[in-house]
Amino acid sequence: MMRFGLLVGVAAFLLTLSGSKTPAAAESVASTSTAPVYTADGKLVFPPNYREWVYLTTGLDMDYSPTVNLAEHSMFDNVFVNPEAYKAFVATGKWPDKTIFVLEGRVAGSKGSINKGGHYQTTEIMSRSIHLKDEARGGWAFFGFGDGPNGSHIPKEAVCYSCHVDHGAVDTTFVQFYPTLLEIARQKNVFSPGYLKDEAAMADKKESKK
């Protein structure tokens, strides 16, 4: 009886560790998982296979600030989402728990190989960030990454949160910039009040210029 109780106690202890892994273990799990993986100190492990996920869109020199301050160089922003979340959105128009968006910023090149005009994506990655939905940890959250494999949680006071809440087309996400999903959101009637307000204001502005 004592041995059985000891085994139960060990099992319970292991279960408490299952969601908070050591850095090496967490990185190993992240290489095969499409769900968020955290280290013991609460950092998010960057999914190394994200470019095998579903590609949503690319923006060039996008800036949501009313006073645009572009850098000296151009940059492409590539957005990927985990396959399970994509399939759920296509079916329901909603993002399920454990949805992960990866935003990859790459320097834009203009002079290289045989290119004579326009821009192309280079191998130089300028930024990496993640927007994920994890109900067990408070819902939607942003994580910023440097050159390392783990990212820190961006505080809720950061402007990115209020911007996504106020202007995200669907569930605080910028579906308005995802061309393959925008029509699905329209058909499912899942647009947020903030997005509809922005669209109405844009339509009025266009009308006033006629």
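Biologist: This is a predicted model. How many disulfides does it have, and how do you know?

Modeller: The count comes to zero. A disulfide needs two cysteine sulfur atoms within 2.5 Å. The sulfur of Cys160 has its closest cysteine sulfur in Cys163, 8.4 Å away, so the pair is too far apart for a bond. Cys163 is likewise in no disulfide, with the sulfur of Cys160 as its nearest at 8.4 Å.

Biologist: Why is Cys160 called partly exposed?

Modeller: Its relative accessibility is 22%. Buried means under 20%, and exposed means over 50%. The value for Cys160 falls in between, so the label is partly exposed.

Biologist: Which residues of helix H4 are buried?

Modeller: In H4, residues 159-167, they are Tyr161, Cys163 and His164.

Biologist: What makes those buried residues a face of H4?

Modeller: Look down the axis of H4. The buried residues fall within an arc of 170°, so they line one face of the helix. Val159 and Val165 are exposed on the other side of H4.

Biologist: What covers the buried residues of H4?

Modeller: The cover includes strand E5 (120-134), strand E6 (139-145) and strand E7 (150-153).

Biologist: Take E5, then. Which residues does Thr122 contact, beyond its neighbours within four places in sequence?

Modeller: Thr122 lies in strand E5. It is in contact with Arg106, Val107, Ala108 and Gly109. Contact here means heavy atoms within 4.5 Å. Thr122 and Ala108 are 14 residues apart along the chain, yet their C-alpha atoms are separated by 5.9 Å.

Biologist: Which residues of H3 and H5 meet?

Modeller: From H3, Tyr86, Phe89, Val90, Ala91 and Thr92. From H5, Leu181, Ile184, Ala185 and Lys188.

Biologist: What is the mean pLDDT, and where does pLDDT stay under 50?

Modeller: The mean pLDDT of the chain is 86. Of its residues, 81% reach 70 or more. Over residues 1-21, pLDDT stays under 50. For that stretch the model has 11 contacts beyond four places in sequence.

How values were computed:
Residues numbered from 1 in each chain as written. Predicted model: local features only at pLDDT ≥ 70, side-chain atom pairs only at ≥ 80, totals over all residues. Heavy atoms only, no water. pLDDT = per-residue confidence, 0-100. Buried < 20%, exposed > 50% of the residue type's maximum accessible area, 1.4 Å probe, protein only. Helix = DSSP H or I, 4+ residues; strand = E, 2+ residues; numbered from the N terminus. Arc of directions from axis to C-beta.
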